[in-house]
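Visitor: I am new to protein models. Please show me how to read a few features, one at a time.

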Amino acid sequence: MRHTPPSLIETMRIRNGEAPLWYLHLRRLAVSCKALGIPLPGELEVPKGGNDRVYRLEVGMRGVRVSERLPGPTTPVTLMVSKVTHHSYAYKTTERAQFDRALDAARAAGADDALLLTPGGFIAETAIWSVLWWDYGQLCGPAFDLGILAGVGRSRITDLVGKVEERRSTPKDIEGLPLFLVNAVRGVVPVATLDGVKVPPGRETDALARRFWP
């Protein structure tokens with residue numbers, strides 16, 4: 001059977017008829033296309049108008065595919081540490097089997113999403129979110145050299161706060177710290193529980209959520 005080369009994915013939110021994070025998606029897409037040898041489409045039309053929705057671009061060797069769907073909920077998320085090991089996912093491609101397995105197992109167990117760990121036991125990312133936390137006022141997140149995706153949501157957060165301290169942290173290291181998730185579709189969402197243990201709220205998280213959308 002012939003292997004189909006992976007395509008790149010950019011999934012973005014349309015709010016009030018605009019794509020407010022388009023510039024970040026386009027920047028990441030250009031970097032990813034160059035790295036993977038996928039032709040960058042010459043003219044990408046900025047999505048505009050219509051209802052509040054999710055706009056998905058799939059860019060591959062065969063061109064561009066577009067699809068749309070409704071946004072998901074923005075209520076606090078329940079997480080569980082996944083038994084699926086995280087392997088490097090530096091570019092957002094259609095090869096997402098590890099995340100699909102982790103998400104299916106989490107939902108079967110009654111959680112909203114799964115927190116994947118690297119082979120060394122370090123926090124990487126969830127199936128559909130970037131993960132960040134506050135440590136006495138310092139905003140922290142997994143180090144990019146762990147092979148995590150450069151999420152557009154995290155890029156937007158970095159634009160707002162100026163710096164996210166990169167760390168190699170285990171779930172034990174973040175016990176008792178305010179934890180939140182971010183992506184380019186739902187914005188900033190707090191974590192309610194991790195493996196059934198309540199996660200403390202963070203006032204800084206609420207402030208970031210209000211500022212997230214330009």
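**Rings, charges and backbone**

Guide: The structure holds three aromatic pairs. Rings of Phe, Tyr and Trp (its six-membered ring) pair if their centres lie within 6.5 Å; planes under 30 degrees apart count as stacked, over 60 as edge-to-face and the rest as tilted. This is a predicted model, where local features need pLDDT of at least 70, side-chain atom pairs count only at pLDDT 80 or more, and totals for chains, interfaces and linings use all residues. Residues are numbered from 1 along each chain as its sequence is written, and side-chain values use heavy atoms, with hydrogens and water left out.

Visitor: How far apart are the ring centres of Trp-134 and Phe-180, and at what angle are their planes?

Guide: A pair of aromatic rings is described by the distance of the centres and the angle of the planes. The centres of Trp-134 and Phe-180 are 6.3 Å apart and the planes are at 35°, so this pair is tilted. Trp-134 belongs to strand β7 (residues 130-135) and Phe-180 to strand β10 (residues 179-183), so the pair ties together parts 46 residues apart in sequence. Strands (E, at least two residues) and helices (H or I, at least four) are DSSP runs, numbered from the N terminus.

Visitor: Are Trp-134 and Phe-180 buried or exposed?

Guide: Buried means under 20% relative accessible area, exposed over 50%, partly exposed in between (1.4 Å probe, protein chains only). Trp-134 has 8%, so it is buried. Phe-180 has 0% and is buried. Phe-212 and Trp-213 form an edge-to-face pair, with 4.8 Å between centres and 85° between planes. Both Phe-212 and Trp-213 are buried.

Visitor: What does Leu-160 contact beyond its neighbours within four places in sequence?

Guide: Contact means heavy atoms within 4.5 Å. Leu-160 touches Leu-208, Arg-211 and Phe-212 in this sense. Leu-160 sits in helix α3 (residues 152-161). Its relative accessible area is 18%, so Leu-160 is buried.

Visitor: Which ring does the charged end of Arg-154 sit over?

Guide: A charge sits over a ring if NZ of Lys or CZ of Arg is within 6 Å of the ring centre and within 35 degrees of the ring normal. For Arg-154 the ring is that of Phe-144, with 4.2 Å to its centre.

Visitor: Which value is phi of Tyr-136 near?

Guide: Most residues other than glycine have a negative phi. Phi of Tyr-136 is positive, near 50°. Tyr-136 lies in the loop between β7 and β8 (138-142). At 82% relative accessibility, Tyr-136 is exposed. Asp-195, also not a glycine, has a positive phi of about 50°. Asp-195 is in the loop between β11 (187-194) and β12 (197-198). With 46% relative accessibility, Asp-195 is partly exposed.
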